[in-house]
Amino acid sequence: MRIAKVMPMVQAKTELELIADARNGDREAMAELFRRHHPNSITVARRILPFQEEFLDAVQSAYLSAFLNFKSFRGESSFRTWITRIVINQCIMSLRKRGRNRVFLNLDDSEQGRTALLLAKRQQSPEDLALR
């Protein structure tokens, strides 16, 4: 009777073997690479973006970009470094996009009798950011 589970072949491979297989079109090897580095990517994105929806979206977009551009991975750095850089860039783009979506309202120009409704997301203070 065997007690230990047999690991699937792809999980037993080294990172270099997975990269080589992924370059040859093995999607399971690429999925295993992503699976191994996903927790770190979430941690990195969480430190940059304050809201769960934002950092999860950023990681998802980063992984899609990495999947579509896997051939551009040259292997000059580790796969972890490459995917982390993509995640960071995606987070930065998300922050930039958020800055563009701000609406400014001049209260001096409002008509009399009308109440301007302002909805604002709670922005992190410099102290909150420093604590993170």
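**View 1. Helix H3 passes helix H4 in a right-handed crossing.** This is a predicted model, in which local features need pLDDT of at least 70, side-chain atom pairs count only at pLDDT 80 or more, and totals for chains, interfaces and linings use all residues. Residues are numbered from 1 along each chain as its sequence is written, and side-chain values use heavy atoms, with hydrogens and water left out. H3 covers residues 27-48 and H4 residues 52-68. Their axes come within 10 Å and cross at roughly 145 degrees. Axes are lines fitted to C-alpha atoms over the stretch in contact, with angles from 0 to 180 degrees between N-to-C directions. Helices are DSSP runs of H or I with at least four residues, strands are E runs of at least two, and both are numbered from the N terminus.

**View 2. The contact of H3 with H4.** From H3 come Arg27, Met30, Phe34, His37, His38, Ser41, Ile42, Ala45 and Arg46. They meet Phe55, Leu56, Val59, Tyr63, Ala66 and Phe67 in H4. Contact means heavy atoms within 4.5 Å. The residues of this contact divide into 10 nonpolar, three polar and two charged. Nonpolar covers Ala, Val, Leu, Ile, Met, Phe, Trp, Tyr, Cys and Pro; charged covers Asp, Glu, Lys and Arg; the others, Gly among them, are polar.

**View 3. Helix H3 has a kink at His37.** The kink is about 45 degrees and lies shortly before the proline Pro39. The bend is the angle between axes fitted to the seven residues ending at a residue and the seven starting there. Buried residues in H3 include Ala29, Glu32, Leu33, Asn40 and Val44. His37 is buried too.

**View 4. Ser41 is a buried residue of helix H3.** Its relative accessible area is 1%. Buried means under 20%, exposed over 50% and partly exposed in between, with a 1.4 Å probe and protein chains only. Ser41 touches Val59, Tyr63, Ile83 and Val87, leaving aside residues up to four places away in sequence.

**View 5. Leu56 sits in helix H4.** Leu56 counts as partly exposed because its relative accessibility is 36%. Leu56 and Arg46 are 10 residues apart in sequence. Their C-alpha atoms are 8.2 Å apart.

**View 6. The protein chain has six helices and zero strands.** Buried residues make up 26% of its 132 residues.

Key
A crossing is left-handed if the near helix is turned anticlockwise from the far one by less than a right angle, and right-handed if clockwise.
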